[in-house]
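Please look through the sequence and the model before reading on.

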Number of protein chains: 2
Amino acid sequence: MSDSQVRVHNFSISLDGFGTGEGQSLETPFGHAGQRLHGWAFETRTFRRMMGREGGGVGVDEAFASQWGEGIGAEIMGRWKFAPKQGAPTDEEWRGWWGDEPPFHTPVFVLTHHPRPSIEMEGGTTFHFLDATPAEALAAAREAAGGRDVRIGGGVTTVREFLEADLVDHLHLVVVPVVLGRGERLWDGQEGLESRFDIEAVSSPSGVTHLTLTRRPRD
Amino acid sequence: MSDSQVRVHNFSISLDGFGTGEGQSLETPFGHAGQRLHGWAFETRTFRRMMGREGGGVGVDEAFASQWGEGIGAEIMGRWKFAPKQGAPTDEEWRGWWGDEPPFHTPVFVLTHHPRPSIEMEGGTTFHFLDATPAEALAAAREAAGGRDVRIGGGVTTVREFLEADLVDHLHLVVVPVVLGRGERLWDGQEGLESRFDIEAVSSPSGVTHLTLTRRPRD
């Protein structure tokens, strides 16, 4: 059996459980949520470095944020994390939101019903496009990861699908004190999730609460 | 202007925001949620005393739980907190869930479209039945409270109605690490709530997270 874990990190949701708002577009990738779900991350050292900035806190938010890349050999993301829903180039000119050198530095598997040729970016990121079930995508990502862990990068639908398939070992959520009211809700369809996971909560002085769900050993 | 505050205490919700489950009845007042939302409270000194038991923790859960009665002069509760939805006596024999001496020890205003005569219980609790808007009910409760604070006792619908009418000054929620999936959701219709409240979160070793929402000064 593989030791390779399936991990979700720094996944922000509102108090009412929305991981993204309504009305996503090229200009507003998180819809009416704007940057409200991710403000906590922009203050951490890890995210500031990722954006080429100095400074940033080293408290509990950073402690969680920094775990994002450690031991990860591949990422799986949904179509809507890779590209906007509306007002965006849907053709092959679109190469993601992250510029020439995306922060992933590993193979990234994009789940889509409309596969296209792989794109090799600078810095070790290659986008592959797969029309596959979560289990099939995970098999491909694990092979590419060479024994290391696989990160599920979002969005909401993708995380939900992997939870429903019971493929997630480690889920780190960040509950942000806003009530979005509409958008994509993480918890839909997850009734009884707590029976499979040990859940820990720790609140941060920044106002967010970090939730970690650790999959209990499978029988 | 009155200093009398409107407060909600020890209001438990699931991770997905449900304050009660589905299928409420005389035997299952919280539906399929069972006692899962309130297990944290049963371990506190305050609730144990209320149930005639000894012991109980004195940590952060108790610190919050114990604020429940201090300075309160009246409670307002919904019809479904007072009596079960199904399988229960709907006639005048029903005198609440709490036995001859309910733990309120103040006037309690029950919102209902079917008012009935007031019931005086032992220990200072009197149930009054009102067909009234939140603002009207609050006026009646404030008068009965003699300048003290008014507690909104729930259920979910009642708390939501008072939030929507912007009548709540202090809201204490307890987020319990379960995913209920169905029932009555507190956050529905509360988009943007954070613009009116200062929100603080503190996680407890028991696994729950206490959220306090303090109404900002009104203009």
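The sections below treat the pairing of the chains, the sheet, the cavities and some local features.

The model is predicted, so local features need pLDDT of at least 70, side-chain atom pairs count only at pLDDT 80 or more, and totals for chains, interfaces and linings use all residues. Residues are numbered from 1 along each chain as its sequence is written, chains are lettered from A and ligands numbered from 1 in the order in which they are written, and side-chain values use heavy atoms, leaving out hydrogens and water.

**Two chains**

The same surface serves both copies, as 100% of the contact residues of chain B recur in chain A, where contact means heavy atoms within 4.5 Å.

Helices (H or I, at least four residues) and strands (E, at least two) are DSSP runs, numbered from the N terminus, and two strands pair if DSSP finds at least two bridges between them. In chain B, 9 strands form an open sheet of mixed pairing, in the order S5-S6-S4-S3-S7-S1-S8-S11-S10. Strands S5 (119-120) and S10 of chain B stand at the edges with a single partner strand each, so one side of each has no neighbour in the sheet.

Strand S10(B), residues 197-203, has a covered face of Phe197(B), Ile199(B), Ala201(B) and Ser203(B), while Asp198(B), Glu200(B) and Val202(B) form the uncovered one. In a regular strand the side chains alternate between the two faces of the sheet. S10(B) and S11(B) form a hairpin with 5 residues between them, and Gly207(B) in the turn has a positive phi of about 110°.

| Strand pair | Bridges | Direction | Residues opposite |
|---|---|---|---|
| S10(B) and S11(B) | 7 bridges | antiparallel | Val202(B) and His210(B) |
| S4(B) and S6(B) | 5 bridges | parallel | Pro107(B) and Thr126(B) |

**Cavities**

A cavity is a set of points on a 1 Å grid over the protein atoms alone where a 1.4 Å probe fits but cannot get out, and lining residues have an atom within 4 Å of a point. The whole structure holds 2 cavities of 30 Å³ or more. Of its 22 lining residues, the closest to the centre are Leu15(A), Val175(A), Leu15(B), Val175(B) and Leu211(B).

**Local features**

The peptide bond from Gly154(B) to Gly155(B) is cis, with omega near 0°, and Gly155(B) lies in the loop between strand S7 (149-152) and H6 of chain B. Thr158(B) belongs to helix H6 (residues 156-164) of chain B. Thr158(B) counts as buried (under 20% relative accessible area; exposed is over 50%, partly exposed in between; 1.4 Å probe, protein chains only), because its relative accessibility is 6%.

Notes
1 Å grid on protein atoms, 1.4 Å probe; cavity = no way out; pocket = protein on both sides within 12 Å on 5 of 7 lines; lining within 4 Å. Points joined across faces, edges and corners; volume = space filled by probe spheres on them.
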